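Thanks for passing this one along.

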Amino acid sequence: MYGGGDVEKCIICEETDKQGIHLYTSFICTDCEKAIIATSTKDPIYKYYIKQLKAITEKKIFS
């Protein structure tokens, strides 16, 4: 689902944006989505993306 509503914080770059996708309870901005897709698994930044994406599986408690 692409944004357009509220400004949200990207789990990859940690910047705020309105445009992007939601994965489970997390938001990824359009720029980071494109960068992840274009990145080779051999590129050193790939490990950083994986580390940041692991936050998606963290359980969050909403009260």
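1. Before the cysteines, the cut-off: a disulfide here is a pair of cysteine sulfur atoms within 2.5 Å. Keep in mind that this is a predicted model. How many disulfides does a search of the whole structure find? The search comes back with zero. Take Cys10: its closest cysteine sulfur is the one in Cys32, and because the two sulfurs are 3.8 Å apart, they are too far for a bond. Cys32 has its own closest cysteine sulfur in Cys29, at 3.6 Å, which is again too far for a bond.

2. Are these cysteines buried or exposed? Cys10 is buried, at a relative accessible area of 1%. Cys29 is buried too, at 4%, and Cys32 is buried at 9%. The cut-off behind that word is a relative accessible area under 20%, so Cys32 with its 9% counts as buried.

3. Stepping back to the overall layout: the protein chain has two helices and four strands. Read from the N terminus, the order is β-β-β-β-α-α. Of the 63 residues in the chain, 25% are buried. The exposed surface comes to about 4,900 Å², with carbon and sulfur atoms supplying 56% of it. If you look at contacts with a separation of 6 or more, 26% of them join residues 24 or more positions apart.

4. Now the largest nonpolar core, which has ten residues. Cys10, Cys29 and Cys32 are among them, along with Ile11, Ile12, Ile21, Phe27, Ile28, Tyr49 and Ile56. Which strand gives the most to this core? That is β4 (residues 26–29), with three residues.

5. Cys29 belongs to β4. Setting aside residues up to four places away in sequence, Cys29 touches Cys10, Cys13, Asp17, Gln19 and Gly20. The C-alpha atoms of Cys29 and Thr16 are separated by 8.1 Å, and these two residues are 13 apart along the chain.

6. What does β4 pair with? Strand β3 (residues 20–23) and β4 pair in the antiparallel sense, over four bridges. Ile21 has Ile28 as its bridge partner in β4, and both of these isoleucines are in the largest nonpolar core. Leu23 is bridged to Ser26 of β4.

7. The hairpin of β3 and β4 has two residues between the strands. Tyr24 lies in that loop and has a positive phi of about 60° although it is not a glycine. Tyr24 is also exposed, at 64% relative accessibility. Glu14 is the other case, with a positive phi near 65° in a residue other than glycine. Glu14 is found in the loop between β1 (8–9) and β2 (16–17), and it counts as partly exposed at 48%.

8. On aromatics, a search of the whole structure finds one pair. Tyr48 and Tyr49 make up that pair, with 6.1 Å from centre to centre and 55° between the planes, a tilted arrangement.

9. Leaving aside neighbours within four places in sequence, Tyr49 is in contact with Ile12, Ala35, Ile36 and Thr39.

Technical notes: Residues numbered from 1 in each chain as written. Predicted model: local features only at pLDDT ≥ 70, side-chain atom pairs only at ≥ 80, totals over all residues. Heavy atoms only, no water. Phe/Tyr/Trp six-rings, centres within 6.5 Å; stacked < 30°, edge-to-face > 60°. Core = buried A, V, L, I, M, F, W, Y, C linked by side-chain atoms within 4.5 Å. Buried < 20%, exposed > 50% of the residue type's maximum accessible area, 1.4 Å probe, protein only. Contact = heavy atoms within 4.5 Å. Pairing = 2+ DSSP bridges. Areas by Shrake-Rupley, 256 points an atom, 1.4 Å probe, with all protein chains shown as cover.
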